[in-house]
Amino acid sequence: MERYKLNRFYSLFTDTGERITHQLKFTGFTLILIFKTFLTLRFVFAKRGEIVKQMYISGVKSMPVCTIVALFGGMILALHTGVELAKFGQQELVPTLMINIMNKEMGSFLTSIIITAFSGAAMAAELGTMKVSEEIDALEMMSINPVAYLVMPRVVSMMIMLPTLSIYTIILGVAGGGIISYFQLGITTEAYYHKVFQSIWLKDMYVGLLKSFVFGLMISSISCANGLKAEGGALGVGQATRVSVVSSYLLVLIMGYFITALFYGGFL
Amino acid sequence: MIEFRSVSKKYGSNVVLDEVSFNIEKGETFVIIGLSGAGKTTILRHIAGFINPDSGEVLVDDIRMNGAGSGVRIRLRKKMGFLFQSGALINWLSVRENVALPLVEHKLGSMDEINRIVDEKLNLLQLGDAGDKMPSEISGGMKKRVGLARAIVRNPDIILYDEPTSGLDPVMSARINELILKMQEKLDVTSVVVTHDMESAYYIADRIAMLYNGKIIECGTPEQIRASDDPVVKQFIEGRITGPIEG
């Protein structure tokens with residue numbers, strides 16, 4: 001019995017160690033992949049066709065989902081805050097709150113969540129399938145750099161499209177708030193947008209866009225790295241996709257906090 | 001042309017190659033046979049520089065492939081073509097674009113020249129009409145032929161074939177075997193073929209090596225292999241259930 005307990009303790013210890021080692025190796029692989037991607041940025045012009053195609057896939061195609069999420073997200077936000085503020089006769093603060101929340105946090109966050117599910121998962125699955133069906137090896141055999149051919153266009157396109165879609169999400173989120181303000185809170189459209197434009201701060205805008213830019217880099221790199229590390233057929237591709245989505249969500253939250261803390265926590 | 005010097009490779013505790021040594025001459029068709037999972041593809045992957053041995057040396061054109069920098073690997077790979085088991089065609093490119101890919105990516109000629117080379121290779125492999133089709137629209141045999149067209153589009157000195165006839169009907173297998181011979185006659189390439197299709201091996205090989213338990217247990221001409229006294233080789237080439245081969 002004692003020996004059994006000792007063995008279980010030992011295997012728990014080694015399993016944890018193996019997981020940590022695996023995670024550290026994967027983090028290193030992802031960081032090296034980001035570095036290699038930056039090195040291949042010199043091929044941006046040559047790969048412009050592929051970049052535009054990826055921008056269409058990860059950006060334009062996800063616009064219908066973004067529209068619904070942003071519009072209803074904004075409406076929910078306005079409804080909750082408006083109903084509470086109306087109790088104190090402060091519902092005219094809703095436009096200010098809406099633009100601030102959307103600009104500072106929700107625009108980039110909502111867009112990142114959508115893009116992770118929509119494009120990040122697709123990237124991991126696509127590259128994972130290519131990996132397990134030896135297409136990546138075939139590229140290497142043809143002396144074609146998979147990072148320049150596959151990863152760089154995806155990363156660049158997402159770094160462009162995530163901030164762009166964030167602006168789109170912010171506009172629609174605020175518009176959603178406007179609808180609720182008009183129909184539920186008795187704020188006229190003119191008054192709502194007047195207050196919204198008055199409350200736009202440059203710092204909020206560039207911090208929000210910086211977040212989107214960083215999230216775009218993170219989501220695409222993590223997704224591509226997971227795809228390139230996939231092994232073991234369909235099961236491996238599924239696992240790579242799942243891990244890429246979960247890791248992206250977690251890192252969006254963690255990095256989101258640190259960027260907020262950096263700009264609004266008294267550091268800058 | 002290709003030399004293995006005491007190459008060993010383990011995956012976990014599983015010894016796949018154990019001090020394997022052989023030499024392949026220029027222009028030779030060298031066939032490696034063995035059970036599934038015996039390590040045949042591992043040999044090809046060593047030659048292509050995808051993996052490094054745990055010990056020993058892999059030489060291609062007298063240059064050490066294992067441990068070489070990426071520049072040397074790229075230079076050596078430019079001399080090679082690889083026919084992958086599944087064809088490994090890029091899914092979103094048409095047959096023509098797949099074959100043209102290495103030429104387009106390395107800008108090896110004008111578009112007219114590239115089109116001419118691609119047409120020549122497609123015709124050589126009887127794929128003239130399939131140029132505009134997508135990989136999802138063609139059969140397994142056609143995928144292999146497209147993979148082969150792509151492998152030879154840069155006129156390589158070495159072609160590595162991973163199970164070129166697996167999953168194909170007998171007619172298509174015979175056609176692929178003919179193509180491998182045609183490649184050698186027309187382009188004077190060195191071919192390394194991994195297969196467990198004995199009919200194919202006898203037909204195309206200059207020499208056959210049998211890999212078993214991580215070691216080359218027999219290596220010789222097809223006639224020598226046919227006449228081998230080794231019980232493992234005999235059981236394998238005759239496809240008998242009973243014998244020394246385990247499992």
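**Chain A confidence and the chain B sheet**

In this predicted model, chain A averages a pLDDT (the predictor's confidence in each residue, from 0 to 100) of 92, and 99% of its residues score at least 70. Local features need pLDDT of at least 70 and side-chain atom pairs count only at pLDDT 80 or more, while totals for chains, interfaces and linings use all residues. Residues are numbered from 1 along each chain as its sequence is written, and chains are lettered from A in the order in which they are written.

Me: Which element of chain A has the highest mean pLDDT?
Reply: Helices (H or I, at least four residues) and strands (E, at least two) are DSSP runs, numbered from the N terminus. Helix 1 (residues 2-39) of chain A has the lowest mean, 88. The highest, 95, belongs to helix 6 (residues 146-183) of chain A.

Me: Which strands of chain B stand at the edges of the sheet?
Reply: Two strands pair if DSSP finds at least two bridges between them. Four strands of chain B form an open antiparallel sheet in the order 2-1-4-5. Each edge strand has a single partner, so one side is left without a neighbour in the sheet; these are strand 2 (14-24) and strand 5 (63-64) of chain B.

Me: How many bridges join strand 4 of chain B to strand 5 of chain B?
Reply: The two strands form a hairpin with two residues between them, where D61(B) in the turn has a positive phi of about 55 degrees. L59(B) has R64(B) as its bridge partner, and V60(B) stands opposite I63(B). Strand 4 (residues 55-60) of chain B and strand 5 of chain B run antiparallel, and the number of bridges is two.

Notes. Side-chain values use heavy atoms; hydrogens and water are left out.
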